[in-house]
Each structure stands twice: as C-alpha cells, then as structure tokens.
Amino acid sequence: MSIEHRDDTGARFGMWLFLYTEVILFSGLFILYAMALSKFPQQFAEASHKLNIYFGSINTIVLLTSSLTIALAVTAIQRGRIRQTLILCGVTVALALLFLVNKYFEWSEEIGHGIYPGSEHLAEMGPGVTNFFNLYYFTAGLHGLHVFIGATLISIVAVLTAKGKVTSDRYTLLENSALYWHLVDLVWIFLFPLYYLIL
Amino acid sequence: MSEKTTYTGFWQESPRTGILGWLLTTDHKRIGILYLGCIITMFIVAAILGLAIRLELIAPGRTIMDAQTYNATFTVHGIIMIFMFLIPSIPAAFGNLLLPIHIGARDVSFPKLNLLSWYCYIVGGVLAVTSIFSGGGAPDTGWTFYVPFSTQTNTNVSLAAFAAFMLGFSSILTGINFVTTVHRLRCKGMKWGRLPLFVWTLYATAWIQVLATPMIGITLVLIILERTFGAGLFDVARGGDPILYQHLFWIYSHPAVYIMILPGMGVISEIIPTFSRKPLFGYWAMALSSLAIAFAGSLVWAHHMYASGMSDLAILIFSFLTFIVAIPSAIKVFNWVSTLYKGSIELAPPMLFALAFIFNFAIGGLGGLALGAAASDIHLHDTTFVVGHFHYVMFGGGGFALFAAMHYWLPKFTGRMYNHKMAVIGWALLFVGFNVTYMAMQAVGIMGMPRRYYDYIPEFTTLNLVSTIGSWVMAVGLIIMFANLWHGLRKGRPVGKNPWGGATLEWDIPSPPPMENFGEEDPVVTKGPYEFKGVVADEY
C-alpha cells in the first residue's frame, strides 16, 4: 500500500472483538462445568478437595502480579521510557514462565497419584470425580496454552520495542498484547475459585 | 492468469509481480478472487460427491458403491459444502471483493489478517482433503460429528474436526475484520442509513461469525481430545453427557446457517432494485431485519434436537423462538416483492437468479416452519424432507445467491461480459433440475424415507429416480453456467464501468477496479445506495 493507513482505535476495536471470541471459547467449558456440577454436586466437592490449594494460590498471585507489570509497561511506553518498558515486559514473561513451571509441578504430582484423563484410578472414583478432573485438565490446559501464547506475544512485542518499532506514539501493539494478557488473567480469576475454592 | 490477458486495474497493479503478487497480497480484491477460486473448486468437488450420492440412491440396493463408502461420501459432501463452500462463499469471496468498495474505503481494516484468514482456510481445506485419503479412511459420521459415534469410529474424524476448527478460525478472523471495517472505514457521507444492504447483511453475518464460531471451535477440540486422551466429557460412563455435545454443536451450527444465508439475502437486495429501477422497498426494515435474523437465529439451536431428549417446556420455547425468526425472513421476502411492484423490470441473468432465490427460499422457509413446529417435526425428523428443506434454503438460497452475485459482479471485476443467452439456458436448467431434485426428496421424506440411509423399500423408488434425474439436469446447468462464465469473463466483450445501471459506489469506478479502488481522492457520498435518478447503464 503506497498510502500509509493507520487506525489505532480500529486496532483496539478488533482486539476487543477477538477477546470476545476467546471468552466464548472458554464459555463452552464453563457450560460443561455448570451442567456437571448440577449433576454431581457431592462428587465435585470431593474431587475439588484433592487439588492442592497452595499451587493454585501461588499461581493466582503470580498471574495477578504479571497483569500489574504489563499494565505498568503500557504506561511506561506511553511516557516514552523504553528501558522501563523492556524490564516490565521481561518481568511479565518471567512470571508467565513461573506460572507454567508451577503448573508443571502441580500436574506432575497429580499424575503421580494416578489422576489424569483416562486413568484407571480415576475411573474407580466414580463418574462425577472423573468428570471434574477431565474438565480441570482441559480447562487449565487450554488456559496454560493461552499463557504460553501470551508470553510469546509479549516477548515479540518487547523485541519490537527494543528495535524502535513500538514507541511512545505507536504503542497499540503493546496495548493489545496487554489486553490479551489481562484476558488470560481474567480467565484464571474464574478458574481458580471454581476448581479450588468454592466447593 | 496468463500474461496475455488484457485485464488492467488490480489484476496488474501490485507491489509484487507474478505468483507472489497473489500469494502475499493484502489487496482485498485479490484475496476475494483467491477465495472465489478455492470456493468454486471446493463446490465442484463436493457437487460431484453429491451426484454420486444421488446415483447410489437411484434404485434400492447397491448401485455404485458399498455402504461404508456411501457414509463417507455424504459426510465429506457435507463437510466440504458447509465449512469450505457455504460459510466462506459470499462473505469471504464477495464480501472481500465488495465490502471496502461499498463503503468507500481503500481496503479492509486489517489487510494482513485478511491474508492470514485465507491461509487458515487453505490449511483447513488441505487437512480436510487429507483426512479423506489418510488414517483410518474418510470420516463417516455425517458433517455433524455426533457423539458417541464420532468418538468411537476408527475413521479419520480427528483430522477432519481439526480442519473444521481451522476453517472456523479463518471465519472468525474475517468476521472481526469486517465488523471493524464497517465501523471504522466508512468514507465521508457514508452514514449508516446509506450503507448498501449487502454491507448490512455482511455486518450482521460478521457478528454471528464472531459470536458463535468459537463455540464450534471448543466443541471440536473436545471431540479431538476425547479421541486422543479419552477425556469422556461426552461419555455417560465417565460423567459426561452426549446431549450436551448436541447443544454445543448447534449453538454454533444453527447460527451458521444464517452465516450462509444472510449475505445471500444482501446480494438479492442489491440485484432486485438495480433491475427494477426502483429504490429498495423499506430500507430500514431490510437493514434491521438482517440484525434481527442474526440475533433471533442465535437463540433457536435446540430445534434440531426435539427428538434427542429435552423437556416439553424447552421444546415449546425453542419452537416459539423458531417461529420468531420467520418474521424478519418474511419481511425480507415481502420487501423484495414490493420492490418489484410497478418496477421497470429487466430480466437479465443476475435478476433471474435473484428471482429463483426468492422462489426457492420461500419454499425452503415454509418447509422450515413445518420442521420448527414440534408436532410435525416428530414425523419429519431425520427424513429426507429435512435434507430437501436444507438444500432449498442453502443451495436454492445461498448457492443461487452466489451464482447471482457471480453474474452480477464478476463483469465488474474482470471488465468483461459473459454470453447472456447461455447464462439464461444454464439458469433454466439449474432452476428446473434443482426443484425436481429436492421437491422429490421432500416428498419421499414425507412418505417416511429416513435420511442418510443406504438402502430403501421399493415404494420409494419412483421419487428417488425422479430426484436423481433432476440432479443430472442440475449438473448440466452447472456445467453450462460455469463454462459460460469462465469463457465470458476471459474473452467476452469489454464492459464499461456500469453495465447494469447500479447506483452503489462500485459502479462509479473503472472495471476492473484499480488497486486503491478510488484513486488518490477518497469518495464523498451524497446520496443513498438505491437512488437511480441520473444513473445510466453503459452500453456493451
């Protein structure tokens, strides 16, 4: 295109639409959760108590902190502080990795106890518990995938910032990545109580 | 395109030359042409499969294929026609070609995303075709992938489901792009009340694509996970629920039929005024009924499941909501007919296709009411009446609308005109063959013939024979139509910028349009899309 076209509001608008599709994507799993919960309230509570609440709580703190750092990164780029932006992006990515490592240990422990989709041990505990853990693995797994994608996205934007492609008057890319990251955080805010806390 | 063609405009102007100028293009017109080529190819493949199904059903017992091949054939016919032809057909091909021009823009909001969306479509298409020839054989579940069969069959369901997932992603990206484009890139003077109806329907369609498609994404992923890891979320023995699968599937797939038909309605709303030389009757009723269809159509999914196991109250509610959708649909049909009233009607080929659309869609729509009413649905459920109804709205509606759009707009984009006489012959064969095929199918369905069956009792033979003969007439019509278009659009007489005398923006710019649509100056709009005063059709 020979004529430069730039529409930051349009880009943000598109991002919000995309975030909406992500909400719908997860909502399918939440519908399954709601239906199964109404069918097996007792077994769901029983299964929920098997989850390690410390892992979940630490990950909640990690993810909330990372949402703060990426929000600060957006403010930093708006004020033209490139170095600060890069540091904050780096911290966000590091926290994302910490989240995934934590998740790895949590899942290893559970799998070690014979709790994973399709396991014999799980099948013995009854359909409600099986369903709970199947949903748990796939919802948290899909969320984990989003954490990975978000961290990749933020790394790319950080590289672009270092190269001077993202600047104080051209920061929509970072802003949109931050929006995506907040969504990842938001999904976890719903996942955490549903699976670890309220039952 | 060979070097010898004399096409100008966007066919020649591109930052890159040669094949890369197409594969890496971000020009919405080139992407539209890429989509159109793929979509027509897919349509021809799936139409041949459809003819094979009809040929198998010409007489009871085995005719040309065994039962397993038959199952695979109707499944692949369905998957290709739905996910690779109908859903992207008008929005992705003609939407890309026309949406920016209709609103006076240079391109869509996110041109690179637009190209990515085409690549997602290609990946999905390649995977779907691969699934036919690899693994445990072509999927045999029907295009609906219903559990528990889809999680147990040994055929290549996972790959086909992933292909549909990719195609859904492509559809979402197009939807996001179009909604943003309509909001952000309308040119000066292009108020909401001056948008052509085609844009309104694309806008409504894009919202459905954004709102509903992720649901099929997660549902298909769960099918794949179930087959790979034994997740059991739809398996009763492991605490799952197979009916839930049907709900999740139809929460997308019912709105999806509006993705397929709404843009077609937009095409018809463009063609009818142009060839009646009259403004469209009831502009705002038409515009808002598009949104109403998109909204109400999202709330009726469970009418596919009256026989699956639901409470009577739920059946009552979904049946009621289904009747609600008929209201905006009927508004559209009445307004098209009112536009024709006392118009100066010219029966050019696009107009004939548009009139055929109204005829077919009216029959299909009324059949839909018979299926939406719970009492009659119990009798008609899973019979070939459903198949006939579906083809009346989707092929007789959506398909004919695409053909109408091709006859109406392709001269604009190639700058050449096809042979009108041949177009009318092709249309007549297609229209007659279509109605013979699917009316016979509906009739035999009312008699009780189940759909998707390989064999049937001798009483159904005559109507099945009639239906198969109709399918051949239709095939001849299709061949004539495509051959005529292909020949005419390459070698036909050159046309000026406004061969039909249309009043929307695309008829103000050269045929074929230049790369940046409107040149250096952005257009300023001062009148509505259907004000024909002073608009003169070019001689050709």
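This is a predicted model: local features need pLDDT of at least 70, side-chain atom pairs count only at pLDDT 80 or more; totals for chains, interfaces and linings use all residues.
**Stop 1: chain A as a whole**

Taken along the principal axes, the C-alpha atoms of chain A fill a box of roughly 65 × 30 × 25 Å. Of the 199 residues in chain A, 38% are buried. Consider next the contacts in chain A whose partners have a separation of 6 or more: 78% of these join residues 24 or more positions apart.

**Stop 2: where chain A touches chain B**

Now show both chains. The contact between them takes 28 residues from chain A and 30 residues from chain B. Which helices of chain A each supply at least two residues of the side that touches chain B? They are α1 (8-39) and α6 (127-162) of chain A. By class, the side of chain A that touches chain B has 16 nonpolar, 11 polar and 1 charged residues.

**Stop 3: the largest nonpolar core**

Hide chain A and turn to chain B. In soluble globular proteins, nonpolar side chains tend to be buried together. The largest nonpolar core of this model has 221 residues, and the members that touch the most others are B:Y203, B:I268, B:A404 and B:A405. Select helix α7 (residues 197-229) of chain B, which gives the most to this core, with 20 residues. Then centre the view on B:Y203. Leaving aside residues up to four places away in sequence, B:Y203 touches B:F178, B:V179 and B:V182.

**Stop 4: helices α11 and α13 of chain B**

Select residues 349-372 of chain B for helix α11 and residues 384-414 of chain B for helix α13. The axes of these two helices come within 8 Å and cross at roughly 160 degrees. Angles over 145 degrees count as roughly antiparallel, and α11(B) and α13(B) are therefore roughly antiparallel to each other. The crossing in which α11(B) passes α13(B) is left-handed. By class, their contact has 17 nonpolar, 9 polar and no charged residues.

**Stop 5: helices α9 and α10 of chain B**

Next select residues 283-296 of chain B, helix α9, together with residues 312-340 of chain B, helix α10. At what angle do they pack? The angle is about 155 degrees, and the axes are 9 Å apart. This makes α9(B) roughly antiparallel to α10(B). Their crossing is left-handed. To see the contact itself, show side chains: the residues from α9(B) include B:A285, B:M286 and B:S289, while those from α10(B) include B:L321, B:I324 and B:V325. The residues of this contact divide into 10 nonpolar, 3 polar and 1 charged.

**Stop 6: a histidine in helix α3**

Select B:H77, which lies in helix α3 (residues 67-102) of chain B. Is B:H77 buried or exposed? A residue is buried if 20 or more other C-beta atoms lie within 10 Å of its own; B:H77 has 21 such neighbours and therefore counts as buried. Not counting residues up to four places away in sequence, B:H77 touches B:A46, B:L49, B:G50 and B:I53.

**Stop 7: backbone details in chain B**

Go to the loop between α4 (111-133) and α5 (149-152) of chain B, where B:P148 lies. The peptide bond from B:V147 to B:P148 is cis, with omega near 0 degrees. The loop between α4 and α5 of chain B also holds B:F145. Although B:F145 is not a glycine, it has a positive phi of about 50 degrees. B:F145 is buried, with 24 other C-beta atoms within 10 Å.

Move on to B:D382, in the loop between α12 (374-380) and α13 of chain B. B:D382 is not a glycine, yet it has a positive phi of about 60 degrees. With 14 other C-beta atoms within 10 Å, B:D382 is partly exposed.

Finish at B:P512, in the segment after β2 (493-494) of chain B. The peptide bond from B:S511 to B:P512 is cis, with omega near -10 degrees.

Methods: Residues are numbered from 1 along each chain as its sequence is written. Chains are lettered from A and ligands numbered from 1 in the order in which they are written. Axes are lines fitted to C-alpha atoms, for helices over the stretch in contact, and angles run from 0 to 180 degrees between N-to-C directions. Helices (H or I, at least four residues) and strands (E, at least two) are DSSP runs, numbered from the N terminus. Angles under 35 degrees count as roughly parallel, over 145 as roughly antiparallel, 65 to 115 as roughly perpendicular and the rest as oblique. A crossing is left-handed if the near helix is turned anticlockwise from the far one by less than a right angle, and right-handed if clockwise. Ala, Val, Leu, Ile, Met, Phe, Trp, Tyr, Cys and Pro count as nonpolar, Asp, Glu, Lys and Arg as charged, and the others, Gly among them, as polar. A nonpolar core is a set of buried Ala, Val, Leu, Ile, Met, Phe, Trp, Tyr and Cys residues joined through C-beta atoms within 7 Å. A residue is buried if 20 or more other C-beta atoms lie within 10 Å of its own, exposed if 12 or fewer, and partly exposed in between; C-beta atoms are placed from the backbone. Two residues are in contact if their C-beta atoms, placed from the backbone, lie within 7 Å.
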